[in-house]
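Please keep the sequence and the model in view while reading.

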Amino acid sequence: MVRTAIDLADADGLANTSMRRIASSLDLDFATLRKSVDDRAHLEILMADAIFAEHPPPEPPAGDWRAQLEALCRLQLLMYRRHRWLAEAVSFKKPQLSPHVAGHTEWAVRGLAGDGPAPETARRLAATAANFVRGHAMNLAQEPPESGVDEDTALFEFGLQRLLDGFAPLVH
């Protein structure tokens, strides 16, 4: 069911991915689908978590906190580019419902905390990095898929480097 919802959202956008349409695609009646998923918001959380599950954080590269965060942010941007609706569906407010989304955040926190900042500071830095990528992806979702990928990548990389420059005094 979640895979069907993801496929429909990839093809036609999140707004056009209704629970009735998913039920129809699976040749189920709507009531049967509702037994598995509470509501659309819950379905969107499951969809986002499934995408994050397919893209676990990279093995920490031989390097410092910065290299680790760069790798994670680039992975997340790739996910958002492949699933243009994903930035809208990701929820940082209910991490207990999204263990794989939370796993990305925890991976970043561990990489940051190992280099010095207090755990709460590391958590805030990890959330800031994730929200930078998500915000960039929200802008991408409003553009045609083929428009200005090279320019977009340059802007993303420039912004990411400046963000991490700002993190540096807090990490050390």
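L86 counts as buried because its relative accessibility is 0%, where buried means under 20% relative accessible area, exposed means over 50% and partly exposed lies in between (1.4 Å probe, protein chains only). The residue belongs to helix α6, residues 86-89. Helices are DSSP runs of H or I with at least four residues, strands are runs of E with at least two, and both are numbered from the N terminus.

Setting aside residues up to four places away in sequence, L86 touches A48, I51, F52, M79 and Y80; contact means heavy atoms within 4.5 Å. Between L86 and I45 there are 9.7 Å from C-alpha to C-alpha, at a sequence separation of 41 residues.

## Basis of the model

The model is predicted: local features need pLDDT of at least 70 and side-chain atom pairs count only at pLDDT 80 or more, while totals for chains, interfaces and linings use all residues. Residues are numbered from 1 along each chain as its sequence is written, and side-chain values use heavy atoms, with hydrogens and water left out.

## The chain as a whole

The protein chain has 9 helices and 0 strands. Its C-alpha atoms fill a box of roughly 55 × 35 × 25 Å along the principal axes. Of the 172 residues in the chain, 41% are buried. Among contacts with a separation of 6 or more, 70% are between residues 24 or more positions apart.

## Where α1 meets α4

Helix α1 (residues 2-12) packs against helix α4 (residues 40-54) at an angle of about 90 degrees, and the two axes are 9 Å apart. Axes here are lines fitted to C-alpha atoms, for helices over the stretch in contact, and angles run from 0 to 180 degrees between N-to-C directions. The angle therefore makes α1 roughly perpendicular to α4. Angles of 65 to 115 degrees count as roughly perpendicular, those under 35 as roughly parallel, those over 145 as roughly antiparallel and the rest as oblique.

On the α1 side the contact involves V2, R3, A5, I6 and A9, and on the α4 side L43, L46, M47, A50, I51 and E54. By class, the residues of this contact are 9 nonpolar, no polar and 2 charged. Ala, Val, Leu, Ile, Met, Phe, Trp, Tyr, Cys and Pro count as nonpolar, Asp, Glu, Lys and Arg as charged, and the others, Gly among them, as polar. D7 is also found in α1, and D7 is partly exposed, with a relative accessible area of 40%.

## The cavity

How many cavities of 30 Å³ or more does a search of the whole structure find? The search finds 1. A cavity is a set of points, on a 1 Å grid over the protein atoms alone, where a 1.4 Å probe fits but cannot get out, and its lining residues have an atom within 4 Å of a point. The largest cavity has a volume of about 60 Å³; grid points are joined across faces, edges and corners, and a volume is the space filled by probe spheres set on the points.

The lining of the largest cavity consists of L69, L72, C73, Q76, H104, T105, A108, A126, A129 and A130. Helices α5 (65-82), α7 (99-113) and α8 (119-141) each supply at least two residues of this lining, and α5 gives the most, with 4 residues. The lining has 7 nonpolar, 3 polar and no charged residues.

E70 is found in helix α5 and counts as buried because its relative accessibility is 15%. Apart from neighbours within four places in sequence, E70 is in contact with L160, Q161 and L164. H136, in helix α8, is buried as well, with a relative accessible area of 14%. Again leaving aside neighbours within four places, H136 is in contact with L77, D152 and F156.

P99 lies in helix α7 and is partly exposed, at a relative accessible area of 48%. P99 and A113 are 14 residues apart in sequence, and their C-alpha atoms are 20 Å apart in space.

## An exposed loop residue

D27 is found in the loop between α2 (19-25) and α3 (30-36). D27 has a positive phi of about 60 degrees although it is not a glycine. With a relative accessible area of 73%, D27 is exposed.

How values were computed: On a 1 Å grid over the protein atoms alone, a cavity is a set of points where a 1.4 Å probe fits but cannot get out, and a pocket is an open set with protein on both sides within 12 Å along at least five of seven lines; lining residues have an atom within 4 Å of a point.
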